[in-house]
Amino acid sequence: MIPAPFEYHRPDSVEAALALIAQHGDDARVVAGGHSLIPMMKLRMAEVPHLVDLQAIGTLKGICIDAGRVHLGAMVTQHELIVDEALASAAPILREAALQIADPQVRYMGTVGGNVANGDPGNDMPGLMQALDAVFTLQGPDGTRDVAARDFYEAAYMTAREDDEILTQVSFEIPKGGQSYEKQKRKIGDYATAAAAVILHKQGDQCSAASIAMTNLSDTPVWSEAAGAALVGTGCDKAAVDAAVAAMLGDIDPTEDNRGPVEFKKHAAAVILRRAIARAWDRA
Ligand code: FAD
């Protein structure tokens with residue numbers, strides 16, 4: 001499989017990348033790790049006459065934890081999420097989730113920015129970022145704006161990002177409480193049949209705050225406000241977990257595909273969410 005011919009650009013600043021996008025319009029597309037885009041180009045499902053590589057842009061790299069917030073440059077790789085000890089201590093759910101993405105080869109190249117900008121419902125980072133209430137920073141010809149991860153996803157491969165904007169940073173407050181990322185997949189390296197990101201804050205023996213997001217169970221990630229609300233004020237006992245699972249099932253909308261029929265996916269989603277809640281509660 002060989003992609004259609006393209007011209008390769010390697011700008012060294014966001015401004016230079018934006019200028020190339022302005023110059024070539026719909027014919028230009030940025031490439032980050034290339035582990036979603038290049039396979040699409042090889043399959044001829046995407047034709048990109050001008051490929052704008054972000055690898056040489058230093059300002060898009062690096063992990064910074066400052067004043068209670070985590071800032072991830074868009075070009076931070078999934079491997080870097082795993083090996084950064086300060087990040088693992090501030091937000092261990094990132095390491096837990098990143099370790100369940102594909103395999104080391106993909107994780108050395110795949111980036112946080114590419115994973116969240118792609119809009120693929122199968123990507124693990126979008127739901128995780130919704131659970132963390134992360135903010136995506138976008139830079140375009142008219143300047144910079146922030147969009148909440150919970151408002152970013154509109155449909156499969158459709159996001160709030162304009163074609164002439166580059167996602168430069170992902171940031172979120174250091175999460176409080178216990179965290180868990182659980183994923184059901186057909187085999188190592190596969191995308192999720194169902195995955196759940198859960199963050200629970202405990203005060204005394206009661207849950208005082210809960211955030212729950214599900215992956216690959218709709219054409220966008222699903223942050224289930226109702227599922228989280230069902231746990232708040234409870235001790236995460238069986239009745240509360242049943243209510244959270246029921247609320248989550250009301251929010252997802254899976255479709256049948258080679259990962260199984262709708263009923264199976266709902267079953268998998270329920271099992272995964274129960275496991276994620278139990279683990280996050282243990283860690284809270
Ligand atoms: P690219 O492929 O370079 O880009 C993806 C899209 O995002 C393109 O449209 C590109 O134009 C756009 N884009 C990239 N960066 C930016 C930016 N900064 N601003 C604006 N637009 C941008 N992912 C998972 O989450 N879970 C999995 O289980 C999983 N399994 C995989 C298995 C295999 C075998 C492979 C090959 C990939 C798998 N992936 C999985 C995808 C992998 O994580 C990708 O690397 C990731 O989804 C995209 O990141 P990237 O940096 O490679 O982006």
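Author: Let's start with Tyr 153, which is buried, at a relative accessible area of 11%. Buried here means under 20% relative accessible area, while exposed means over 50% and partly exposed lies in between (1.4 Å probe, protein chains only). The model is predicted, so local features need pLDDT of at least 70 and side-chain atom pairs count only at pLDDT 80 or more, whereas totals for chains, interfaces and linings use all residues. Residues are numbered from 1 along each chain as its sequence is written, and side-chain values use heavy atoms, leaving out hydrogens and water.

Now for the rings: the structure has three aromatic pairs. Rings of Phe, Tyr and Trp (its six-membered ring) pair if their centres lie within 6.5 Å; planes under 30 degrees apart are stacked, over 60 edge-to-face, and the rest tilted. Phe 136 and Tyr 153 are edge-to-face, because their planes stand at 85° with the ring centres 6.3 Å apart. Phe 136 belongs to strand 6 (residues 135-140) and Tyr 153 to strand 8 (residues 153-155), so this pair ties together parts 17 residues apart in sequence. Strands are DSSP runs (E, at least two residues), numbered from the N terminus. Phe 136 is buried too, with a relative accessible area of 0%.

Tyr 153 also pairs edge-to-face with Phe 152, at 5.0 Å centre to centre and 85° between the planes. Phe 152 is buried, as is Tyr 153.

How values were computed: Helix = DSSP H or I, 4+ residues; strand = E, 2+ residues; numbered from the N terminus.
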